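Trainee: I have a model open on my screen. Please show me how to read it.

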Amino acid sequence: MSAPARTRSGRDDASATPRAEAGADAGGGTPSALHRSADSAWATLRRGVALSPEFTQGLALTVVFALVATVGKIVVPMAVQQIIDNGMLDENGADLGFVARAVAVSAALVLVTAFCSYAMNARLYKATESGLATLRRKAFRHVHDLSVLTQNSERKGALVSRVTSDVDQISTFMQWGGILLIISAGQLLIATVLMTVYSWQLTLLVWVSFLPLLFGVRWLQKLLSKAYLKVRERTGEMLGVIGETVVGAAVIRAYGTEERTAERVDASVLATRGAQVKAQRLSMAVSPFAEIVAAFAYSAIIVAGVWLGIAGALSAGELVAFLFLVTLFISPMMMATEIFNEAQNAIAGWRRVLGVLDTAPDIADPGAAGRELPRGPVSVGFDHVSYAYPSGPTVLDDIDVEIRPGLRVAVVGETGSGKTTFVKLLTRLMDPGEGAVLLDGVDLREVAFSSLRSRVVMVPQEGFLFDSTLGDNIRFARPEATDAEIDAAVAELGLGDWLGGLAHGLDTPVGQRGESLSAGERQLVALVRAYVADPDLLVLDEATSAVDPATEVRIQRALDRLTRGRTSVAIAHRLSTAEAADEVFVFDGGRIVQRGSHADLVKEPGVYADLHSSWVRSSA
Amino acid sequence: MSQGVTTAKPAVDSRVFTEGMRVLWVAIRAEPWVFAVAVAGASLHAAVNVASASVLGGITERVILPAFEQGRTTTAALVAAVALMMAVGVLKGLGLGARRLYAGLMQYRMQARHRRAVARKYLELPLSWHQRHPAGQLLSNANSDVEAAWQPLAPLPMAVGSVVMLVIAAAAMLVTDPVLAVVGFVVFPALGVANVVFQRRVTPAATRAQTLRSQVSEVAHESFDGALVVKTLGREDTETERFTRAAHRLRDAQIRVGRMRAAFDPLLEALPNLGVLAVLLIGVVRLADSAISTGDLVQIAYLFTLLALPVRALGWVLGDLPRSVVGWKRVSAVLDAKGGTDHGEAVLTGEDGLRVSAHGVAFSYADAYTGEPADDSGSGRDLDGSHHEEGGARTTVLRDVDLELAPGRVTALVGPTGAGKSTLTTLLVRLVDPEEGTVLVNGVDAREYAPGELSNATALVPQGTFIFDDSVRDNITLGADIDDDAVWAALRLARAESFVAALPESLDTRLGERGASLSGGQRQRLALARALVRSPRLLVLDDATSAVDPQVEAQILGGLREADLEGATVLVVAYRRATIELADEVVYLEQGTVRDRGTHAELLERSPGYHRLVTAYEQAAEQRAADTAARTTDQEAIR
């Protein structure tokens, strides 16, 4: 088939997962191995802010700017009042000199205010974005530190969203919410103090009037956070379904299911809209409620104030002044309810990011105590190793084997026989439940990661490539490798003719996930990559996919040369790999049921002989 | 890996404002009533806000002051005051609620409407169009672009309500004193200039930030996708560095945008304030000239202070406008895309296998696709959202292909990588139309058939398996009315029965991204069952068992022969020799043309290319024997 067609159809399948998942970036409702932090909202906020020191760096100065900017808002109303009272209504008629001076001072103050407002905004943007970048980095790094087990149980899209949209959710709050919350709190405090100076009874009354709002907001917030969660879930589902119309384009057309797919799209789009409108209804309910509470507070003050006045406890001037002060109290109160809404979003984002950070990486580097392995062919030992997946059946049962340095071992067995787990334990992608895996007699858990990863290299089944050039991908394991070294490696593996046949050689772009190359070529790149890494123990999970015979031959040749002089363990799906091995381990039901050379095993009746005969039938 | 950051340099469109207005007009025309209610709510809120000041003043004068002077008050007076205050509160709440609810409704409705439209367009456009557009880009068209387009709808009613207020205020000012009004209005050109400058500077910066945002997501996606490689090669540190670089580029771009917004917002607030001061200054002069009364001046000053809020609401809308225009253009590019599959009226008759033939068929792909960034809001595409596609270099994949698939026969399609095998399969089931030549089905041009005729009678199992986010049953039936017995029979034939039976909810188990995860081989077997359950008259398998163990593959292909498919015409794209040998006839494709056809034995004998290809394994064995000998020597050297 053609190269472009390959790119395309390769995308159809492989990307069915990642691409459709991209749609789920926004989704977050599915059960996942990563917990969502269960801390209270306040604790989440505190921990979240603490994670990024940038959020609070220079905050004091920002608050000063913010205070000036806030106070500056009253400059013009005050100027208007002053000019009218003193400049125009002066008994001597309009005083132009006074007005001119007042206007000049006010204009200067307006400019100062604008500058402070700019300085505050700019500082907030900078602090926020820097803090978010730090948060992204921390979460990203932690995702990579998680075990494969945890990584695999998560959808890739969901993991990506933890470093993208979840983090973005925090930004609005940090850009204006946080600072306004501080200012509003200050304003509330000042207003309360001033009001108390005039009348403590009325101040108490104002606070009592607003209590229902505070409780109402708390209660509403719970509903709201559920409603927002629903929106994110529905959005994730919707994007998944829309993704199907793109990624599944060929299948949908081949089976003529356009109409049905369109109905599915409609249903999910409408469900999303429904959830959005519902959440909107809840979130907007706060403001009218607050307006009515404010009206009630005014009414109560008027009635109570008049009574107090009649009783002689308050003068008319004091009551009027008090009514104006209440305005000063209400506007931050209204603002605070809005900010709480926004905070809900930010806290949800932080919870999900913290959820990642709180998931302990179960495969940890021993750190400073880690031991270095010496270079040279390595021996492998499995000392009574058993393994069971969390809440799953035992997949490896008391494996006790020894592999001599330089030996080439093939691992065979049916799907589910435990051969993949065997390999994962060997590369310390997982740790055994019981027993120990030993390299040169040292427990893998005691080996420093840097030493382990440089001496043990695994070539996974899917030769995943990064969207870059061939050379970059080969160099992935050892970035300092020169082009000459890579050329030498390619030649050594007998792939010179293949690389020579590519128009751009090492500069050939491989496309997303390497899909501009054929499956077989991707495997070749993975083999060269492993060769350049120059490990002492090579672990291979052979690809099952059929490749065209010419590439197949190249893979075989490269494999032979790659394993030369190294200890190697390969999960074999090909007869030829088993034939070429020094020893074959036959897995069945989590145990090694047969071991020996191909020539010996094929003669005795058993699992291996059965496998062999079906191989022979299919590739004869 | 090395994410070359494309310095986004979209053509700065000075007409962003006009275009933005046009986008908003699209929404207003689509949802006039929702919009009207939202604006009415906004106007009510604004009006009551203005009125509330005089209400409080009235109450002070008529209730509070008399009570203090007389030392007593009446219940009626207090009740009236409370009633007035509460009425103001309720009206304000009502206006605010209506504005926010309906503004949200409008935004969500427009989003839903365009997401449906975009998805329907995706379904309608031909496969060849899809092949030219990266999936990531199409997804972001339906997602973030739609969202960006309708972002300004949320503050729009408030802005419009405010404009209404502004116009009323302006009219009042003009009536009171034209000279003062004109002085104040100097502010507006200043606001206009500020806005134009802001839009010009922010548009490219925001577009760039948007591109960088998607790059951060791409790096994360790729890195997590390749987690196994990263982990097994111990490259976590360098990957984190790579991600951090992308995150920092985004941070810097966002800070740049932020700094502009940080300057714009205070400016919008300061200008009307300076206007008020100017009015006061000139006003006092006019007052001294006795051109106006004190009351007039107070009123104008008050009206002017009211302007601050509407101007800010306008600022919100204007601030979102550049992103909205970019988003809308990208959405429009999809909605305006031309293409569709034309159908005739012909009907397929009979029940037997189809006779399918290709005559002089040629096909080519545009080269542009490979290596294009998935989301290129700033780089690969122009601001106007056009996907640059036509007119580029093309790679010919098939030329002058003649082929005949006889009813009920099994044909194997063999050829090296890049020979055009997959493309040919898509032509035969009419997923795409040939550029030259024709594909005939039962003697009639495939283009002549009525919609559904061919897709109901044919089944293609593509190389890549696509599983819908749906139950096993629905993934097999795809909504067709097929009973469970038939589904199980198909699963049995595809050797998928046992693993489906072992799934927690059997046929009802949800698959796809939110469901059980299946291995590649299991997915392929489901895709096969999906094809088999339809008892197709033409079955095309494009390397459909590549991820299945050879032994299982042999069982499946053996099963096909025995099954109820004897009447069906079958085409198999094959690599493995065992598969090839199942076929009645082999077609050997090389470099886009049919080189030879015949039985396996015949081709082996007379076609050197074919011979080389299918005997490569044997060559490999010889090669290995030589290598093993070398290796033994190596090993001895080590010991």
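Mentor: We will take confidence, then helices, then backbone angles.

Mentor: This is a predicted model: local features need pLDDT of at least 70, side-chain atom pairs count only at pLDDT 80 or more, and totals for chains, interfaces and linings use all residues. Residues are numbered from 1 along each chain as its sequence is written, and chains are lettered from A and ligands numbered from 1 in the order in which they are written.

Trainee: What is the mean pLDDT of chain B?

Mentor: pLDDT is the predictor's confidence in each residue, from 0 to 100. Chain B has a mean of 78, and 86% of its residues reach 70 or more. Over residues 1-13 of chain B, pLDDT is below 50. It also stays under 50 over residues 368-391 of chain B. Where pLDDT is low, the predicted coordinates should not be read in detail.

Trainee: Where does UniProt place the transmembrane regions of chain B?

Mentor: Such annotations may be inferred rather than shown by experiment. The unreviewed entry lists several in chain B, including residues 76-98 and 270-288. In the model, residues 76-98 of chain B are 100% helix, with end C-alpha atoms 32 Å apart. Residues 270-288 of chain B are also 100% helix, and their ends lie 27 Å apart.

Trainee: How many residues does helix α2 of chain B have, and where is its kink centred?

Mentor: Compare span with expectation, which is 1.5 Å times one less than the number of residues. Helix α2 (residues 32-70) of chain B has 39 residues and reaches 54 Å, close to the 57 Å expected. A kink of about 40° in α2(B) is centred on Thr60(B). The bend is the angle between axes fitted to the seven residues ending there and the seven starting there. Gly71(B) follows α2(B), with a positive phi near 75°.

Trainee: Is Arg495(B) buried or exposed?

Mentor: Count other C-beta atoms, placed from the backbone, within 10 Å: 20 or more is buried, 12 or fewer exposed, in between partly exposed. Arg495(B) is buried, with 20. Most residues other than glycine have a negative phi. Arg495(B) has a positive one, about 55°. His384(A) also has a positive phi, about 45°. His384(A) sits in strand β1 (residues 380-388) of chain A and is exposed, with 12 such atoms.

Methods:
Helix = DSSP H or I, 4+ residues; strand = E, 2+ residues; numbered from the N terminus. Contact = placed C-beta atoms within 7 Å.
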